[in-house]
Amino acid sequence: GNCPFCPYGVACRFFGTHKKKSSEVNGLSKDVQKLLWKNRMNFLRADSQLKLIGVNSRPLKKAKDMSSKLNSREKKCIDFRGKLYLAPLTTVGNLPFRRICKVLGADITCGEMAMGTNLLQGQASEWALLRRHSSEDLFGVQICGAYPDTIARTVELIDQECTVDFIDINMGCPIDIVVNKGAGSALLLKPMRLKNIIQVACGTVDKPVTVKVRTGYLEGRNRIDSLIADIGTCGASALTIHGRSRQQRYSKLADWDYVYQCARKAPDVLQVMGNGDIFSYSDWNKHTSECPELSTCMIARGALIKPWIFTEIKEQRHWDISSCERLGILKDFAHYGLEHWGSDTKGVETTRHFLLEWLSYTYRYVPVGLLDVIPQKLNWRPPSYFGRNDLETLMASESAADWIRISEMLLGKVPVGFTFAPKHKSNAYDRAENG
């Protein structure tokens with residue numbers, strides 16, 4: 001058959017039949033990468049903003065032909081109200097998965113969290129997280145950093161090299177390796193630095209800058225309500241509040257009453273979005289009707305378990321999707337994966353890896369036709385059950401061996417000695433066995 005993509009040249013098993021051009025943007029050019037490697041990139045706008053707020057920036061060598069003039073332009077705006085927003089999801093929120101969600105009704109997509117220091121060092125693997133597909137018509141990237149100079153330079157670099165509609169700053173990531181560096185939810189303990197980061201980022205670029213936070217660092221010590229006015233004053237266009245503290249991670253239900261409280265306290269210039277435990281159109285309706293001040297709700301794990309949640313919300317129905325339809329969605333993901341990562345041996349196994357990571361969430365879905373109580377809640381742990389056919393039963397298995405079997409239906413046999421263990425502890429109820 002013909003190759004569905006072009007960027008892989010002789011590494012592609014369909015080499016010689018290339019016909020299509022790549023429909024992805026936001027790659028890192030070699031010239032820019034070399035400047036970053038040599039620490040010779042100029043960040044005039046970022047350094048200017050850092051001086052304004054009195055933050056010292058690290059000196060850089062002057063770069064050749066990299067001068068630019070600062071233009072005072074009006075800040076662009078995005079109206080998030082009522083739009084279906086797929087959350088930035090580490091590992092599983094890759095470009096092929098986002099394409100699936102776009103087909104199923106998502107309005108807004110956002111790339112996986114990228115570390116600012118890695119982007120500034122020109123790491124190709126980190127820049128891959130910024131890739132955008134042509135179907136993503138309202139697209140943002142999410143970055144993470146601990147200090148104002150890192151974030152300021154990162155947003156200027158992205159503004160210069162990428163085509164994005166907004167830039168989101170993660171100030172809620174609970175992962176130890178991020179928090180221990182002073183980034184993510186660690187910033188909730190340093191409100192002055194948090195404000196400086198938002199202010200300098202908003203002053204550096206004219207694209208909308210949004211922020212994602214948790215309710216606080218420690219359980220029972222919420223603090224976003226006391227910061228929300230300043231976040232708006234610093235220039236953020238929108239704020240997403242995940243209704244849990246850093247300490248809670250994903251345990252216990254999200255505190256939506258607190259999210260509502262923050263939304264009602266927010267200044268008019270700041271759009272507020274809620275996040276946590278949305279798993280059906282009735283969840284969506286409940287939050288948007290109980291708090292009209294919310295612009296919209298961000299959907300995260302609910303989309304991992306059943307990406308057709310966007311269709312359900314738009315059509316206001318519980319979709320009793322068949323196992324064949326679900327397999328068709330997985331088949332589309334495999335196709336998109338081979339387009340994105342390549343259809344050579346390495347590309348196939350990369351696609352398989354990310355498919356398996358996704359399957360470690362999808363098994364938690366219980367078909368509507370088998371439920372005694374509708375809709376299913378995100379924190380339910382249903383007992384093992386038999387589906388209405390063998391495929392539905394297979395898709396409900398919590399065994400990694402069965403996930404591998406599903407991957408073999410779409411991508412062929414796994415290599416000898418292949419094993420798989422999910423990356424995230426939060427994606428399964430119990431430890432899954434290897435196949």
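Author: Buried means under 20% relative accessible area, exposed over 50%, and partly exposed in between, with a 1.4 Å probe and protein chains only. This is a predicted model, in which local features need pLDDT of at least 70, side-chain atom pairs count only at pLDDT 80 or more, and totals for chains, interfaces and linings use all residues. Residues are numbered from 1 along each chain as its sequence is written, and side-chain values use heavy atoms, leaving out hydrogens and water.

Reader: Is Arg99 buried or exposed?

Author: Arg99 counts as buried because its relative accessible area is 11%.

Reader: Which residues does Arg99 touch?

Author: Contact means heavy atoms within 4.5 Å. Not counting residues up to four places away in sequence, Arg99 touches His133, Ser135, Tyr336 and Glu339.

Reader: How many cavities of 30 Å³ or more does the structure hold?

Author: On a 1 Å grid over the protein atoms alone, a cavity is a set of points where a 1.4 Å probe fits but cannot get out; lining residues have an atom within 4 Å of a point. Grid points are joined across faces, edges and corners, and a volume is the space filled by probe spheres set on the points. The structure holds two such cavities of 30 Å³ or more.

Reader: Which residues line the largest cavity?

Author: Among them are Ile305, Trp308, Arg326, Trp358 and Met395. Domain bounds come from an automatic or database domain assignment; domain 1 (85–315) and domain 2 (323–411) each give at least three residues to this lining.

Technical notes: On a 1 Å grid over the protein atoms alone, a cavity is a set of points where a 1.4 Å probe fits but cannot get out, and a pocket is an open set with protein on both sides within 12 Å along at least five of seven lines; lining residues have an atom within 4 Å of a point.
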